[in-house]
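Biologist: I would like to learn how to read some features of a model. Please take me through them.

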Amino acid sequence: MAMEGGKRRRNKLLEIESKVRVRWEEGDVFKAEAHEKPPQPGEKFFGTFPFPYMNGYLHLGHAFSLSKLEFAAAYHRLRGANVLLPFSFHCTGMPIKASADKLAREISKFGNPPVFRREDQEPNPKEESLSTQDEDANVGTPNNKFKGKKSKAASKSGGQMSQWEIMRSFGLSDSEISKFQDPDEWLRFFPPVAVEDLKAFGLGCDWRRSFVTTNINPFFDSFIRWQMRKLRSMGKIVKDVRYTIFSPLDGQPCADHDRASGEGVQPQEYTIIKMEVVPPFPPKMQVLEGKKVFLAAATLRPETMYGQTNCWVLPDGNYGAYEINDTEVFILTERAAKNLAYQNYSRVPQKPTCLVELTGYDLIGLPVKSPLSFNEIIYALPMSTISIDKGTGIVTSVPSDAPDDYMALHNLKAKPNFRAKFRLKDEWVLPFEIIPIIDIPEFGDMAAKKVCEDLKIKSQNEKDKLAEAKKLVYLKGFTEGTMTVGKYAGKRVQEAKPLIRTELIETGQAIIYSEPEKKVMSRSGDECVVALTDQWYITYGEDDWLKLVEECLSNMNLYSDETKRAFEHTLNWLKQWACSRSFGLGTRIPWDEDFLVESLSDSTIYMAYYTVAHLLQNGRDMYGDQTSADGKSADPDLIIEPAQMTDEVWDFLFCGGPYPDSSGIPSHLLNKMKQEFEYWYPFDLRVSGKDLIQNHLTFCLYNHTAIMSKDHWPRGFRCNGHITLNSEKMSKSTGNFKTLRQAIEEFSADATRFSLADSGDGVDDANFAFGTVNSAILKLTKEIAWMEEDILAKESSLRTGPPSTYADRVFENEINFAIKMTEQNYRDYMFREALKSGFHDLQAARDWYRLSCDSGGMSMNRDLIWRFMDVQTRLITPICPHYAEFVWGELLKKDGFVVKAGWPTGDSPDFKLKSAIKYLQDTIVKVREGLKKQIPGSKKKGAPVSSITEDKYVKGLIFVKEQFDGWRAACLQILQSKFDSKSGTFASDDDEEIFKALEEQKSTVGFGQAADFKHCTCMEFLSIKKKEAIKLGAQALDLKPPFGFEEIEVFEENLDLIKKQVRGLQEVQVISANDPAASAQAGPLAASLLQKQKTPLSPGNPIPIFLLSS
């Protein structure tokens, strides 16, 4: 807001907001209490939002998702529902601890405050670009997991700043920053600041129920311990050895919320084929003499090993010979060796030992014996397209069924110069022919060759064509292929594949290998591996449990087909989930206190905790301390101690367990907590960014279906995309970033909320535009000024009595429409549309009404204007509550709070009147545009209005045809005879037949000379009218269309308005083209001009003609 006037307007809104919040707090407006009787449908609304992580300030990304819940809750509160909107703060996991430790390292190394050199700063990880993955580890199938169109990783990584600089960016002084070496300081500092910001935002929250996670809050800690024990007792938590994304630096698994990049990435499992190098070894590998040395090739297609003709290496790639155990050595990349070391394949656990470093050139020409190969000896050959960042860097070659392999081998055979470049001996290449191993319908038993020839691929460098070829061969080969060789000949590939893989592993010819699908960086800054870990897992994906989740999902409102598909996709791949960590903050695993509950596992059913949190924390603050933030002490008779919250108490509250006689908690408190839960649960809506579907939201469904009864399962999830600022990605490093506090201070809360509502409602990314938010400031303050200066100060000048004019009826109808449409939009959680129908459209209707009254020489109707102000204020309340509260109390002098004023009532909208006014407005635009083309100076000058002088003026003739005639009337009559009103269909669908019938009639009916009677015009008219009839019924085929209004009457009621809105038009006359006398009165010039119009005159399509009169 650079302009001084804009700042004054913004400051006015900030002043209003400050005063309104005081009133709300004094009135306990958002305090939610359960009623004694169970709620009837629609009587209560319980909505929740995933608690944000407290390692910094809330930003506009948080506010965007949260606004969807806030607007929904505010709508339900306005219509009279009992609303609970709680909010809490997530501190579980490693990010806070990692940041505190990093700060401590910086202070220890560089002083307090630290003095950095640029090269001393610890880099924060950057987001990696997306990559694809192939059937062989180094060559590509797409990763199909549900992804957002924009990644959030960049906002988590923070660029190259030191932790000290990050803390400074929060506005902290050097003396304050050093305190944050203690993780508890983060928990004590950021949540209260977030509460302040959310209150300034106008969040309608019951703050008594807020809490902070981790064991800092003993009540929440007890709740999570109960949840973990409950799941374990049901067999849902087991200790097992599983492949897990793992941070070597942190020494523990790295879940989604622990990652700086790679959120959603899972382990990808391969089969490593042990291709034994045949001695003698070349000089550089002499150090390996006496050991069994293998080229370790990672593949996803072990069933194809019968067709090996060679293997591939990257000539410039860096490899090493790594000790797997005392006798075996694998040649592969360092990255793959590191992954294997964490999977128990290293002589020294978790520390790969390299005996000799090698390049791909060192490996070219190595003879190897490979499992299942019909060739006793095959050779390592060069391939330039291998990706060193996937698999092991060694790739098997099966040219019968891999298009890349076929083309690479074909090129080597066909190009002697290419072989010479890499010093390849002919005997390594030329004797090896394609070995058919799988028969695929349409492609035969040499599918790769067939598809490459069909696609006319000439080189291994034609990446796009080869990608298409692989897609065809791999999918069809797996689903329809049949093995033609080996022990499992005759079996389908999908049956043989696991059998062959198992046999290779059991006979020691292969091992299982796993690595991240793509690069994952932990928040501690190291690249993650896949580790085989012995830890606690939640058994997501178990068959019976999955069926319950699918049942729950089928009964939920997800508000978007894309959201539904994303959940279904997640359920297809999600399996066991590591729920324990050894590093970070949180609740200890109750039966294994060396471990913590990880951050996505303590946030699955805490919505139930909200229902009783205010009673547990009665008089305490969000940390469960003895004194609340406002200094009020708890009533001793209502105090519950954390130790009293036993598993029996939690079971009684949330699972219908027996009454816990031995708890020591007074019965009235136990029953009150039970009543609160039964009243509020299940939650009606949970709002979240779509990126949480793949973990948090799906975990929520699993845990609810395991622990809760069906009548307490979730009812609705509404997922949204991320938000951009001015159509660019939010980024701290580029400066295109705003915290919630900054947005409120710069724009005001209501203008920010207005722009958030306008940003978009779907699952695609939305845009917060500064132009929109500045426009909101102007619109809201101008509306206040209009009410104060033009209405309240001049109320005596308004017309009294009931609405009586055409303009009155139209305006009243627009208000009724706004009430109906806005209610529907809020109910569907389409807030951008609610803003349009409840504010923008009402503003336009008010402006039209004001102009209509002014053009007719009358004032606006007082009762209508007051109703308009009342209705508009209520409809904008969920989005701009401070503004609405000010107008409600200060200007309209209404009692109570507008946030609970009730939804406005109105008569049923008159759709015919709505159509009539749209018809009028569209015609005014047409008249204005038509006149503009004929006035002097325009590019297209019409002959009749060539010059306007003082003794001449412009006269407008609006020709109206109220019913069809000529060939169109004949066409409609034929359609009427063929339309079946009962079935809503036509007996004959042959348009050509109708056209022939019309041609036969043209001489007798009299439209044979009609200029527009053409085949294409007739066909278009037929198509339109048939669609209308199927949609609207037989009335759509009437010669006089059922508009519900008389066209001429609409114009005659508004002649003054037309003249007022069309500059330069002094006289308007409406002429019925169906009335020969009226048409004749218009004169031959008008008739001639009418005939020259490109679009023929027809019902609903009036045509303006302009003449000079004197």
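Biologist: At what angle do the axes of helix H8 and helix H20 cross?

Modeller: First, the ground rules. This is a predicted model, where local features need pLDDT of at least 70, side-chain atom pairs count only at pLDDT 80 or more, and totals for chains, interfaces and linings use all residues. Residues are numbered from 1 along each chain as its sequence is written, and side-chain values use heavy atoms, leaving out hydrogens and water.

Modeller: Now the general idea. Two packed helices are described by the angle between their axes and the distance between the axes. Helices here are DSSP runs (H or I, at least four residues), strands likewise (E, at least two), numbered from the N terminus. Axes are lines fitted to C-alpha atoms, for helices over the stretch in contact, with angles from 0 to 180 degrees between N-to-C directions. The axes of H8 (residues 218–233) and H20 (residues 647–654) cross at roughly 80° and come within 10 Å. H8 and H20 are therefore roughly perpendicular (65 to 115 degrees).

Biologist: Which residues of H8 and H20 make the contact?

Modeller: Contact means heavy atoms within 4.5 Å. H8 contributes residues including Phe219, Phe223 and Trp226, and H20 residues including Trp650 and Phe654.

Biologist: Where does Glu442 lie, and is Glu442 buried or exposed?

Modeller: Buried is under 20% relative accessible area, exposed over 50%, partly exposed in between (1.4 Å probe, protein chains only). Glu442 sits in the loop between strand S15 (438–439) and helix H14 (447–454). Glu442 counts as exposed, at 65% relative accessibility. Its phi is near 80°, a positive value in a residue other than glycine.

Biologist: Which residues does a cis peptide bond join, with omega about 0°?

Modeller: Asn112 and Pro113. Pro113 is in the loop between helix H3 (95–110) and helix H4 (153–157).

Conventions. Parallel < 35°, antiparallel > 145°, perpendicular 65-115°, else oblique.
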